[in-house]
Amino acid sequence: MGMKAKKSMMKKVKKGSTELTASVRKDEAADFLPLEGGPARKLPITENSDNKATVLYIGRIPHGFYENEMEAFFKQFGEIRKIRIARNKKTGKSKHFGFLQFASPEVAKIVAETMHNYLLYEHLLQVQLIPPERVHPKLWKGVNRYYKPSDWIQIERKRQNKEKTFEEHKKLVDGILKREQKRRRKIEAAGIDYVCPEFVGSEVSAPKKIRFED
């Protein structure tokens, strides 16, 4: 082999080693090598959704710890944007869980770490961060309107004062007669010698309006 051939071979060896070193360094910086071949790749940098979470789920809320009390307690950590306690639509009573939104994600994370399993009025609070993608669009619907329970006494009074039709009155009397007959059979089965008085309203007539006053 001549001198020129040796020199060209040495140049190729040096060039190949340089390219190999560069590729190794590049592979070290990469996260994985594709199975189908090709250059090394890095995984896309994804930001943790918990770092942006500002909404907290609060469970096992004790009786008496409602919106005003919750705001007064949690505002010591930072600015509060929204508070909502789940309530029964019929009675307005608390369902013992709710949601709280802070202005800062850092504050929300600190509250979740600090207040989870915190003993309050003999209840261990359950506090968890809710990722932004899991926050329901209707979660804060009507959050600024405090629920006012219905006056069921007034509703029942109106229902009782409502004038009954002939069919409704007949149905009411038939029910009373059935219960009266059942009561008489029980008395006879017990061997008690007792003559039950006749039911005055056994003959259905036009209903009389009875009003229930306050």
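Predicted model: local features only at pLDDT ≥ 70, side-chain atom pairs only at ≥ 80, totals over all residues.
The protein contains five helices and six strands. From the N terminus, these elements follow the order α-β-α-β-β-α-β-β-β-α-α. The chain has 214 residues, and 22% of them count as buried. Its accessible surface comes to about 17,400 Å². Carbon and sulfur atoms account for 55% of that surface. Among contacts between residues at least 6 apart in sequence, 61% join residues at least 24 apart.

In soluble globular proteins, nonpolar side chains tend to be buried together. Here, the largest nonpolar core holds 19 residues. Ile 58, Met 70, Phe 74, Leu 100, Phe 102, Val 111 and Val 127 touch the most other members. Two or more residues each come from strand E1 (55-59), H2, strand E2 (80-87), strand E3 (94-102) and helix H3 (105-115). H3 gives the largest share, five residues.

Leaving aside residues up to four places away in sequence, Ile 58 touches Met 70, Phe 74, His 96, Phe 97, Gly 98, Leu 100, Leu 125, Gln 126 and Val 127.

Helix H2 spans residues 67-74 and includes Glu 67. Glu 67 counts as buried because its relative accessibility is 10%, and buried means under 20%. The Glu 67 side chain makes a polar contact with the side chain of Arg 87, at 3.0 Å.

Definitions and conventions. Residues numbered from 1 in each chain as written. Heavy atoms only, no water. Helix = DSSP H or I, 4+ residues; strand = E, 2+ residues; numbered from the N terminus. Buried < 20%, exposed > 50% of the residue type's maximum accessible area, 1.4 Å probe, protein only. Contact = heavy atoms within 4.5 Å. Areas by Shrake-Rupley, 256 points an atom, 1.4 Å probe, with all protein chains shown as cover. Polar contact = N/O pair within 3.5 Å; in protein donor to acceptor, adjacent residues only side chain to side chain. Core = buried A, V, L, I, M, F, W, Y, C linked by side-chain atoms within 4.5 Å.
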